[in-house]
Amino acid sequence: MVPNSLAVAREKKWKNLIAGTKSCVLSSRFTKSACFSLGALVCQTILMLTDNKKPALCISIHDVAPTTWPECSRLLSLLDSYENIRSTLLVVPDYHHHGRIDSDPKFIDALENRLSHGDEIALHGYYHLDESPRSCNPIDWIQRRMFTQSEGEFAAISITEGLTRLQRGVDLMAHLGWPLKGFVAPAWLMGKSAQQVLKQFDFDYTTTMNGIFRLPDWQFTWSPALTYSIRSPSRRTMSLLLNQTRLILFRNAPLLRLCLHPVDCHFDDVMIQWRNFIETAMETHVPMTKAEWVLSQSKI
Ligand SMILES: [Zn+2]
């Protein structure tokens, strides 16, 4: 479990160059992408020269819940058209208060089929809604209300409420008998209180827009995440262009993440681009779940 000194030094270098906790929390799909790209490209080149491991590809489906399952199934059909893809399913226990996952036997059966297929289940908030009090800080307001449409449940959550929701989620997964290694905050927004709460649980990792933290030591590995923002035609067009550029820039990243959302399946151009990205990435990267990637790092 103890990484060698070279790996530790490399991780520290990445952390200094790319991401601190604060910058991760403040990042968003658009505002920070351009700022990180140049530095990340330099870091990617450095890491490529010093890392002999074959690059990894982690594909995840966000917002998995009974109400989104028809759309998630369409995304999984895409992934299942390739032989060796195992994905990480980010499950929300009670998505938007529409009902707990354990009240839907068909959904439970479907998820258990995915587990037997080799997919991983990770905890993705509890309600996936930011119901915390409004912030007076304009940056927080823009981040929480404008960019993420009040989906960042753990952006400003209190310690008490965070503890309650995380414990409920963990207990629910345990009750269902589903192995749980990772927690991903909705909209990748995790405030200081949420970080304190997370330290009290036995997760192996958590992720942000810019990378993965291996727990409990919070060892950060930078990793580009391709995802779409498609709330308006203009944003979707921008996402298509931005993602194409990011894939060209980061094609050789040691860890590349493709982050699919249920709504993606409603847009043919997005689905076509996802298929292209998957095929391009699989030429150079080995697909694996996030839990598998974390485990592989502990063996270095
Ligand atoms: Zn989400």
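These are my notebook entries on what I looked up in this structure, which is a predicted model.

**Entry 1: the whole chain**

I began with the overall content, and found that the secondary structure of the protein comes to 11 helices and 10 strands. Of the 300 residues in the protein, 42% are buried. I then looked at contacts between residues at least 6 apart in sequence, and noted that 76% of them join residues at least 24 apart.

**Entry 2: helix α4**

Next I turned to α4, which has 12 residues and reaches 15 Å from its first C-alpha to its last, close to the 16 Å expected at 1.5 Å a residue. Which residues of α4 are buried? I found Cys72, Leu75, Leu76 and Leu79, and since they cover an arc of only 100° around the axis, they sit on the same side of α4. On the other side of this helix I noted Pro70 and Ser77, which are exposed. When I asked what the buried residues of α4 pack against, I found β1 (56-64) and β9 (255-260).

**Entry 3: helix α5**

I checked the length of α5 (residues 105-117) in a similar way: at 1.5 Å a residue its 13 residues should span 18 Å, and because its end C-alpha atoms are 18 Å apart, the two values agree. Its buried residues are Phe107, Leu111 and Arg114; seen down the axis of α5 they fall within an arc of 55°, so they line one face of the helix. The face turned away from this buried side carries Pro105, Lys106, Asp109, Asn113 and Ser116, which are exposed.

I also looked up the partners of the buried residues of α5, and these are α4 (69-80), β2 (88-91) and β3 (120-123). After the helix comes Gly118, and I wrote down that its phi is positive, near 110°.

I then went to Ile101, whose place is in the loop between β2 and α5. Is Ile101 buried or exposed? I counted it as buried, because it has 21 C-beta neighbours inside 10 Å and the cut-off for a buried residue is 20 or more. Leaving aside residues up to four places away in sequence, Ile101 touches Ala65, Pro66, Val91, Pro93, Phe107 and Ile108; of these, Phe107 is a residue I had already listed as buried in α5. Leu176 lies 75 residues from Ile101 along the chain, and the C-alpha atoms of the two are separated by 9.9 Å.

The place of Pro186 is in the loop between β4 (182-183) and α8 (192-198), and it counts as buried because it has 25 C-beta neighbours inside 10 Å. Not counting residues up to four places away in sequence, Pro186 touches His124, Gly125, His128, Glu151, Gly152, Glu153 and Phe154. Tyr126 is 60 residues from Pro186 in sequence, and 8.9 Å from it in space, C-alpha to C-alpha.

Thr160, by contrast, is in helix α7 (residues 159-176), and I counted it as exposed because it has 10 C-beta neighbours inside 10 Å, where the cut-off for an exposed residue is 12 or fewer. Thr160 and Val197 are 37 residues apart in sequence, while their C-alpha atoms are 8.5 Å apart in space.

In α9, Ser239, Leu242, Asn243, Arg246 and Phe250 are buried, and their arc of only 105° around the axis puts them on the same side of the helix. The face of α9 turned away from its buried side carries the exposed residues Pro233, Ser234, Thr237, Leu241 and Ile248.

At what angle do α9 and α10 pack? I found that α9 (residues 233-250) and α10 (residues 268-284) pack at about 10°, with their axes 11 Å apart, and the two helices are therefore roughly parallel to each other. In this contact Arg236, Leu240, Asn243 and Leu247 of α9 meet Asp269, Val270, Gln273, Phe277 and Thr280 of α10. I sorted the residues of the contact by type, and they divide into four nonpolar, three polar and two charged.

Methods: Residues numbered from 1 in each chain as written. Predicted model: local features only at pLDDT ≥ 70, side-chain atom pairs only at ≥ 80, totals over all residues. Helix = DSSP H or I, 4+ residues; strand = E, 2+ residues; numbered from the N terminus. Expected span 1.5 Å × (residues − 1). Arc of directions from axis to C-beta. Contact = placed C-beta atoms within 7 Å. Axes fitted to C-alpha atoms, helices over the stretch in contact; angles between N-to-C directions. Parallel < 35°, antiparallel > 145°, perpendicular 65-115°, else oblique. Nonpolar A, V, L, I, M, F, W, Y, C, P; charged D, E, K, R; others polar.
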